[in-house]
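Please load the model in your viewer and keep the selection panel at hand.

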Amino acid sequence: QQFNHFIISLGSNSSLQSSRFTKMKFISAALLLISAPGALSFSAPAKPANMPLSNTDASGNTVDPLLIRAARGEKTERVPVWMMRQAGRHIKEYRDLCKKYPTFRERSEIPDVAVEVSLQPWRNYQTDGCILFSDILTPLPGMGVEFDIDEKVGPVVKPMRTYEDVEKMHLIDPSTAAPFVAEALRTLREEVSPETAVLGFVGCPYTLATYLVEGKTSKEYLEIKKMAFTEPKLLHMILKNLAESISEYALFQIENGAQLIQIFDSWAGHLSPRDYDEFAAPYQKIILDKIKEKYPTIPTVIYIKHSGALIERMAGTGVDVVSLDWTVDMAEGRERIANGRAKAGISGPGGVQGNLDPGILFGDFATIKERAEEILKKAGPTGHVMNLGHGIEAATPEENAAYFIETVRNFRHEA
């Protein structure tokens with residue numbers, strides 16, 4: 001009763017209610033009080049109910065966001081659009097925020113800050129997707145792998161190159177390892193409009209393994225390739241461990257509000273087709289299958305940089321949408337996705353995302369419009385989510401990013 005009174009009295013304080021971050025700190029403190037030695041006996045707090053997969057509009061109707069419907073291949077009133085890396089360095093508000101929160105992990109792991117950064121491009125540009133501001137390495141500590149992000153060098157990890165190193169890994173418990181992700185996703189679902197999709201993402205095992213084996217970003221990825229060709233069993237052990245944990249992390253994001261999961265295997269484009277089939281695709285498929293087994297209506301997207309040689313193989317994993325980089329012609333890409341799915345015995349043509357060259361956003365408005373509309377026409381009216389062919393560059397003028405989004409939102413396919 002004393003504890004309940006403590007909660008009620010603080011909960012009635014309007015100044016506390018005005019801050020999501022303060023509320024969150026209070027909840028954490030309350031949970032610590034419950035678990036403190038000598039505290040009153042309480043049952044453990046129940047796990048929060050899963051977030052609904054659909055949204056509710058002002059009239060109380062259940063609605064699926066435009067982007068989600070397009071990713072499922074449904075006919076939509078227009079083509080949805082968002083940009084990879086839309087939350088971040090090209091926005092002045094973000095750069096100003098960096099002065100107060102100087103490290104990437106602060107900005108991505110303090111829920112209120114991650115929410116604000118995620119919302120900035122949605123507010124500024126009216127993108128149809130609002131993607132969680134985070135990093136593919138975020139779940140690693142929950143697997144027993146610590147990392148840091150150097151603002152100049154990028155991710156830094158203690159290299160993992162022996163069986164003894166791998167044996168230190170363990171299956172993730174996302175609710176313990178990344179509660180801030182759950183908090184941010186749930187808040188985003190409350191903040192965005194019903195027609196906006198909240199997007200989650202994970203890194204795929206091969207790409208995560210490049211950081212674990214190399215210890216940092218690489219140009220040639222020689223250490224992981226050396227392991228692949230001299231100790232393949234060791235690499236497969238790493239990849240299997242990662243696949244199991246990343247699958248759990250993807251489900252965790254869905255249960256806390258993500259309405260689509262994009263899987264990034266950015267560095268798998270450095271593999272030959274044969275090695276992609278052995279070291280990348282099977283582990284992508286583990287994650288995709290786990291998602292579809294538990295949440296069959298959640299769309300999935302795969303992105304690999306420089307993936308022109310792998311498109312049919314990507315489509316053959318059973319992913320709903322293949323995100324093309326800018327080096328592939330959109331019309332040819334759609335045909336190759338359909339062929340890859342057919343070869344794997346998967347019905348339907350599959351969806352496509354992309355694929356404007358991010359460099360085009362440094363051009364004038366006329367060029368942006370002409371290039372964007374060319375892609376829209378080649379992609380066709382269904383199963384297309386407009387995006388860039390890679391993340392937006394940090395030096396991109398905000399007005400050009402805004403014009404790109406506006407161009408796509410205003411475009412209509414001829415009946």
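Helices (H or I, at least four residues) and strands (E, at least two) are DSSP runs, numbered from the N terminus. This is a predicted model, in which local features need pLDDT of at least 70 and side-chain atom pairs count only at pLDDT 80 or more, while totals for chains, interfaces and linings use all residues. Residues are numbered from 1 along each chain as its sequence is written, and side-chain values use heavy atoms, with hydrogens and water left out.

**The whole chain**

Begin with the protein chain in a cartoon view, where 19 helices and 11 strands are present. Of its 415 residues, 51% are buried; here buried means under 20% relative accessible area, exposed over 50%, and partly exposed in between (1.4 Å probe, protein chains only). Contact means heavy atoms within 4.5 Å. Among contacts with a separation of 6 or more, 75% join residues 24 or more positions apart.

**The largest pocket**

Next, select Arg-85, Arg-89, Phe-104, Ser-134 and Asp-135, which lie nearest the centre of the largest pocket among its 42 lining residues. A pocket is defined on a 1 Å grid over the protein atoms alone: points where a 1.4 Å probe fits form an open set with protein on both sides within 12 Å along at least five of seven lines, and lining residues have an atom within 4 Å of a point. The space in this pocket is about 1300 Å³, a volume being the space filled by probe spheres set on the points, which are joined across faces, edges and corners.

Which elements supply at least two residues each to this lining? Select helix H5 (92–100), helix H6 (104–109), strand E4 (147–150), strand E5 (154–157) and helix H11 (205–214). H5 gives the most, with three residues. Colouring the lining by class shows 22 nonpolar, 10 polar and 10 charged residues. In this scheme Ala, Val, Leu, Ile, Met, Phe, Trp, Tyr, Cys and Pro count as nonpolar, Asp, Glu, Lys and Arg as charged, and the others, Gly among them, as polar.

Most residues other than glycine have a negative phi, and most peptide bonds are trans. Arg-85 counts as exposed because its relative accessibility is 52%.

Now select His-390, which touches Met-84, Arg-85, Tyr-303, Lys-305, Trp-326 and Pro-358, not counting residues up to four places away in sequence. His-390 is in the loop between strand E11 (384–385) and helix H19 (398–410). Is His-390 buried or exposed? At 14% relative accessibility, His-390 counts as buried.

**The nonpolar core**

Move to Met-83, Ile-238, Leu-242, Tyr-276, Met-386 and Phe-404, the residues that touch the most other members of the largest nonpolar core, a set of 127 residues. Helix H13 (residues 232–255) provides the largest share of this core, 12 residues. Such a core is a set of buried Ala, Val, Leu, Ile, Met, Phe, Trp, Tyr and Cys residues joined through side-chain atoms within 4.5 Å. Centre the view on Ile-238: leaving aside neighbours within four places in sequence, Ile-238 is in contact with Met-160, Val-166, Ala-209, Leu-212, Val-213 and Met-227.

**Salt bridges**

The structure holds 24 salt bridges, each a side-chain nitrogen of Lys or Arg within 4 Å of a carboxyl oxygen of Asp or Glu. Select Asp-128 and Arg-78, whose side chains meet at 2.7 Å, N to O. This pair links distant parts of the chain, 50 residues apart: Asp-128 is in the loop between helix H7 (111–125) and strand E3 (129–131), and Arg-78 in the loop between helix H4 (66–71) and H5. Both Asp-128 and Arg-78 are buried.

Continue to Lys-292 and Asp-320, which also form a salt bridge (2.7 Å, N to O). Lys-292 lies in helix H15 (residues 281–294), and Asp-320 in the loop between helix H16 (311–315) and strand E9 (321–323), 28 residues apart. Lys-292 is partly exposed, at 24% relative accessibility. Lys-47, Glu-255 and Lys-294 can then be selected together, being linked in a network of salt bridges.

**A cis peptide bond**

Finish at the bond from Gly-354 to Asn-355, which is cis, with omega near 0°. Asn-355 is in the loop between strand E10 (351–353) and helix H18 (365–379).
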